Amino acid sequence: MTNRRLSNSTLQALPAPVAIPRYDRDQIVPGIVHLGVGAFHRAHQAAYVDDCLATGETDWGIVGVSLRSADTRDALAPQDGLYTLAVRSSDSESLRVVGSILSMLVAPEDPGAVLAALTDPRTSIVTLTITEKAYLRAAGGGLDTAHPDIVHDLANPQMPRTAHGFLTESLSRRRAAGIRPFTVLCCDNLPANGATLHRLLVEFAALRGTRLATSGDARLATSGDADLARHIADEVAFPSSMVDRIVPATTDADRTRISGQLGVEDAWPVMTEPFCQWVVEDDFPAGRPAWEKFGVTMVGDVGPFEDMKLRLLNGSHSAIAYLGLLSGYETVDRAFADPAIRQFVDGLWAEAIPTLPQDAGLDTTDYTAQLAKRYSNTALAHRTAQIANDGSQKLPQRIVASAIERLSAGAPPAHLMLVVAAWIAACEVRGKSLPENHFTDPLDLALAALGTRQLSAGEAVAAVFDLAGFAKGGAERLTLIDLAAAHLERLRQGGPAAAFASLGIGSE
């Protein structure tokens, strides 16, 4: 294997089957800043932008920002931001080099550089894929004002750590300089993600304004921070979006294989599936790329599409992950090939579908058929442990919301609550039948403390509901706890087979 790296200088020497950027990268202007440059962004939004750049829309290059780790920057910087997107089905693979990421910044190393990119008048859109937990919401859905990073950013507005701090400070600077605000486009799996981020940022800005006003900060007189919350509330666009593409973690074997096919080294290629979906509310006062030319669905209301994805795809993904882990399956395709898990997923969809809007034109039959095909893709090797991360943050919108609506309609959410029980059971067996850190959760310290108390199934579920804020204040809470506790007891005593049997699912 050659020691040469994928880069601008080696692009033209790549083998003919490999697709390369069809534009002069030196002519591309940065117009998008993306917070959270992980594999998903590089398989999804960056690829759509790459398509637009190839048609001559040269104002939409991406400045990538990592809010925590330097790993992605360290991998991509020597490659001029280039990387390979490997689109894999069970029987084929195509390779494409994506060139839309022009530069990479690491926020902890140089927050000033990130703020400069966000304040740049050429920046018209800021996109985010920072995962659910990085929005730092309290159990009630508002901002977690006690979180150390929020406390830090309120006290140090010019040296932020969080997305909230970076967005608020840069919007303040743009306003002071007479630069129109950018559009904030959330691409994470949050319910009404644009509206949710909008609310959190207004709350953060209001707290910041109050702090500056009471501290006598000299910046208040020039930056207008006293009115910043109102400015963000009234003048900054936060369209919601729904994203969908399965992107498993890249392995060392993937790196070796892809580099071999390229003839040069790619330190961080991205693996993905053929399916890709993006539904976006069309509210971009500062302009946007013509994404609709490449399959993006621009709509007035993303809500119905978001609900379908969260409850049918993400909900079943979590179910496959936790039940797969408890059944000894390392990947989605192997778990989904188990007839009992496959039958369970059908039952889960049957419970969730009636909770979706019935007048929004959603084709749930076709959608679930596509999901079944995607889950059966043997080439992806999507690890159940990867999907299992952050259950306390993901399950409220993926599972619990559907269960509450089922109960409100007088229908039992038996399959739905098995997913919650399976998450708790999977947490309980870490360090036993599963490795200690096989998957992680923001509540791990508290969950570990519960594990030392030898609680009954009912006590454990009630304690976890309290910790995670599941169905907080809802009339359905006790019923949901009872259903999940019965499932947890079965899982503890007889594993998934016992829980499946209670739902009439056989083991064949």
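## Close-up views of a predicted model

**View 1. Thr 250 in the loop between strand E8 and helix H10.** Thr 250 is placed in the loop that runs between strand E8 (241-244) and helix H10 (252-262), as seen in this predicted model. With a relative accessibility of 15%, Thr 250 counts as buried, because the cut-off for that class is under 20% relative accessible area. The side chain of Thr 250 reaches the backbone oxygen of Pro 269 at 2.7 Å.

**View 2. The packing of helix H17 against helix H20.** Helix H17 (residues 414-428) packs with helix H20 (residues 477-502) at an angle of about 65 degrees, and their axes are 8 Å apart. That angle makes H17 roughly perpendicular to H20, since the class covers 65 to 115 degrees. The crossing of the two helices, H17 and H20, is right-handed. On the H17 side, the contact is made by Ala 414, Met 417, Leu 418, Ala 421, Ala 422, Ile 424, Ala 425 and Glu 428, while H20 contributes Leu 480, Leu 483, Ala 484, His 487, Leu 488, Leu 491, Arg 492, Ala 499 and Phe 500. By residue class, the contact of H17 with H20 divides into 14 nonpolar residues, one polar and two charged.

**View 3. Thr 131 in the loop between strand E6 and helix H5.** Thr 131 is found in the loop between strand E6 (125-128) and helix H5 (148-155). The phi of Thr 131 is near 75 degrees, which is a positive value in a residue other than glycine. Thr 131 counts as partly exposed, with 36% relative accessibility.

**View 4. Ala 381 and Arg 383 in the loop between helices H14 and H15.** Ala 381 lies in the loop between helix H14 (364-375) and helix H15 (384-388), and Arg 383 also lies in the loop between H14 and H15. Although Ala 381 is not a glycine, it has a positive phi of about 50 degrees. Ala 381 counts as partly exposed at 38% relative accessibility, and Arg 383 is likewise partly exposed, with a relative accessible area of 39%. Not counting residues up to four places away in sequence, Arg 383 touches Glu 330, Thr 331 and His 438. The C-alpha atoms of Arg 383 and Ile 101, which are 282 residues apart along the chain, are separated by 27 Å.

How values were computed:
Residues numbered from 1 in each chain as written. Predicted model: local features only at pLDDT ≥ 70, side-chain atom pairs only at ≥ 80, totals over all residues. Heavy atoms only, no water. Axes fitted to C-alpha atoms, helices over the stretch in contact; angles between N-to-C directions. Helix = DSSP H or I, 4+ residues; strand = E, 2+ residues; numbered from the N terminus. Parallel < 35°, antiparallel > 145°, perpendicular 65-115°, else oblique. Left-handed = near helix turned anticlockwise from the far one by under 90°. Contact = heavy atoms within 4.5 Å. Nonpolar A, V, L, I, M, F, W, Y, C, P; charged D, E, K, R; others polar. Buried < 20%, exposed > 50% of the residue type's maximum accessible area, 1.4 Å probe, protein only. Polar contact = N/O pair within 3.5 Å; in protein donor to acceptor, adjacent residues only side chain to side chain.
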